[in-house]
Amino acid sequence: MPRFLALLALASLPLSLGLTIGDQDMRAGTIGQQLNTLRSGLGWHDCSCGTILRPKHTEEVADIVMALYRDQQVTGQKYLVRASSQGFMSHNNFSCACASVASDTRAVMLDMSAMNKVLEFNDDRETVTVQAGITFEALERTLLEYDMSLPGVVVAPQLSGMTVGAAIVTSAHGSSLVGPANIAAFLQSALLVDGTGDIHTLDTPGELLEGSLGMLGVVTEVTMYVQAKKKMAVRQIMSEDFDLVADLRDIIDNSEALALDVTWNPTAGMYQARVWHETDAGSRGDARNMVLQPPADWLAALPDRVHADQLDAHDREGHMCEIIGEMSHFPPFVHSPGQEPDESTPPDTAVGWLNHMASASCTPHPGLADAAKAAGAKGVLHGSAPSPSCLLGAAKWTPYELAIHSQDFSAWLADARAVLRHARGCPPFTLTFRFVGESDAPLALSSGRQVVAVELSVLSSPRAGGLPPKFARLHEELLQMTMCKYNGRPQWALATNRLFRGAPCAVRDLYGSAFDKFLAQRSSYDPAAMFVPPLFEDVVERREAVRYPGCAARMDCFCTADEHCGRGHVCVPGHEFPEYRVCAPIEQQERHEL
Ligand SMILES: *[C@@H]1O[C@H](CO)[C@@H](O)[C@H](O)[C@H]1NC(C)=O
């Protein structure tokens, strides 16, 4: 890695670094495009930067930051440093230093992809020490090789491609009814490189780091508690949604479930609840989470179908009703042939290792791949071989997440139903609910309150250009209602810029005095504000959106005028909440007024 060696040499000559970072810029062009881009794992904008450095150890991160900090002290040159990784799982301007950097500031990206090692197992203390750039997928696999499981119940984020560091600082989570649902709560210690290049060893750092968005420094290593490998039995219930709240309350109060997550398909009037119990480690079953891996032939046809749906602005053809209906019938967990649970297990129950079931991966199920090969044919199970590709690649799948106080869930659901009743056809989104216990970390999603994290995932076509997603008006009304009527906090990674800048209520106010507490921590760890992305300054200052023609169609603003919506759309008041303005297709609006 000649780039990196050059940097190391420089790091010992900090005063010349500013200049040489400039040289890096120039040389980068000859090294190749790839090194200059971090690919988005979610079909969001890639992060393209002049300077992307790829450290391998904590000390290298510290050398880089210290050199930049000293240069800033001596020459006054400002820097913005952000850490991310290849295939990063976020879709807003927090993660990429080069997204919207001021002209007087040099952006430096740290690509943490090479800091993906498992460093140490401590059997006595039941801990594992990893570099923060390891993905959950790799961590889960390694732990199982050592007969270990992740801590807690379901702490892994839904997308296993997320790194441990990213999950901690963006407050990503799983779902749990009996304890914390995030990895931050299970940290024994962590190494943090602060904004001056100092390395801090932090004890039980979850309360400091969760939700801190990389603004206290770069988390480079963590030691987390783990447990003996754990087998789970997950029952899937599919039911009509008339009594959704009462049904869920019944499960929570009476089933002794350890975890619960629920997908709601309001236009079909159905929900699917997955109810998690621990089961005997000796029981049969090797289920894996296949949510991102629907059958390959179905996936191959999906891009055209989603595209056709998005062009059908008035939903006359109903493509999405079919797509979502089919999706809801694919099994969320799949066993290898011959590994199905035994007869005493109810047919709606999947059994497998926690680490294989907790989060969804794009890696083909090895059991199925082997079986398919052995059979010499496709179609061993469910009429199809496992997909070599992934839902995340076949369409634009954009998860939005907002966390509301769990005591408001029932009222929220009634309002959401009222909004969705206006759907004439099938909106291209499903809702998922996860349960997250209260956290003490100031900017954690569940800071100071137990939350239901509401995920609204939108399927759209990457080819649809400036066209808003279908039923954008309902989506926009739901988002604004959830955030502003219910104080729903946007998840730091899984929300677009417009929720952080320019929503009808300010993100900062959703955290109360905890926000100020965080600001004080931030300035003590990073006095030169090297890790503060401009979008966070917007949050601090409660800034208005920057609006331009088409900004709402690009999910960059909520409209205040027709020109903010894409072609054929106008800016109108929401159906149920006229205080929130949304983009609606022109004809539909006329029909509505008649
Ligand atoms: C986000 O970054 C893009 C450049 O990648 C920039 O054009 C846009 O204005 C930024 N948006 C916000 C809200 O900061």
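Two rings of Phe, Tyr or Trp, the last represented by its six-membered ring, form a pair if their centres lie within 6.5 Å. By this criterion the structure, which is a predicted model, holds 15 aromatic pairs.

**Aromatic pairs and cluster**

- In the pair formed by Phe-518 and Phe-536, the ring centres are 6.0 Å apart and the planes stand at 75°. The pair is therefore edge-to-face, because planes over 60 degrees apart fall into that class.
- Phe-518 belongs to helix 16, which covers residues 513-525, and Phe-536 belongs to helix 17, which covers residues 534-541. The pair thus ties together parts that are 18 residues apart in sequence.
- Both Phe-518 and Phe-536 are buried.
- A cluster linked by ring pairs contains Phe-94, Trp-492, Phe-500, Tyr-511, Phe-515, Phe-518 and Phe-536.

**Charges over rings**

- Arg-489 lies over the face of Tyr-511, at 4.4 Å from the ring centre. Tyr-511 is itself one of the residues in the cluster of ring pairs.
- Lys-231 is placed over the face of Trp-353, and its distance from the ring centre is 4.6 Å.

**Ligand surroundings**

- The residues surrounding the ligand are Asn-93, Ala-99, Ser-100 and Asn-497.
- Sorted by class, this shell has 1 nonpolar residue, 3 polar residues and no charged residues.
- The side chain of Asn-93 has an N or O atom at 2.3 Å from an oxygen atom of the ligand.
- On its own, the ligand has 370 Å² of accessible area, of which the protein covers 56%.

- Asn-92 is located in the loop between strand 4 (78-84) and strand 5 (105-111).
- With a relative accessibility of 2%, Asn-92 counts as buried, because the class takes in residues under 20% relative accessible area.
- A polar atom in the side chain of Asn-92 lies 2.8 Å from the backbone oxygen of Trp-492. Trp-492 also takes part in the aromatic cluster.

**Tyr-525 in helix 16**

- Tyr-525 is part of helix 16, the helix that also contains Phe-518.
- The relative accessible area of Tyr-525 is 16%, so the residue is buried.
- Tyr-525 and Leu-216 are 309 residues apart along the chain, yet their C-alpha atoms are separated by 5.3 Å.

- Most residues other than glycine have a negative phi.
- Arg-542, although not a glycine, has a positive phi of about 50°. Its place is in the loop between helix 17 and strand 23 (569-573).
- Met-555, likewise not a glycine, has a positive phi of about 60°. Met-555 is found in the loop between helix 17 and strand 23.
- Arg-542 is partly exposed, with a relative accessible area of 45%, whereas Met-555 is buried, with a relative accessible area of 11%.

Terms used. Residues are numbered from 1 along each chain as its sequence is written. This is a predicted model: local features need pLDDT of at least 70, side-chain atom pairs count only at pLDDT 80 or more; totals for chains, interfaces and linings use all residues. Side-chain values use heavy atoms; hydrogens and water are left out. Rings of Phe, Tyr and Trp (its six-membered ring) pair if their centres lie within 6.5 Å; planes under 30 degrees apart count as stacked, over 60 as edge-to-face and the rest as tilted. Helices (H or I, at least four residues) and strands (E, at least two) are DSSP runs, numbered from the N terminus. Buried means under 20% relative accessible area, exposed over 50%, partly exposed in between (1.4 Å probe, protein chains only). A charge sits over a ring if NZ of Lys or CZ of Arg is within 6 Å of the ring centre and within 35 degrees of the ring normal. A residue is near a molecule or strand if one of its heavy atoms lies within 4 Å of it. A polar contact is a pair of N or O atoms within 3.5 Å; within protein, one must be able to donate a hydrogen and the other to accept it, and residues adjacent in sequence count only if both atoms are side-chain atoms. Accessible areas come from the Shrake-Rupley method with a 1.4 Å probe; for residues, only the protein chains shown count as cover. Ala, Val, Leu, Ile, Met, Phe, Trp, Tyr, Cys and Pro count as nonpolar, Asp, Glu, Lys and Arg as charged, and the others, Gly among them, as polar.
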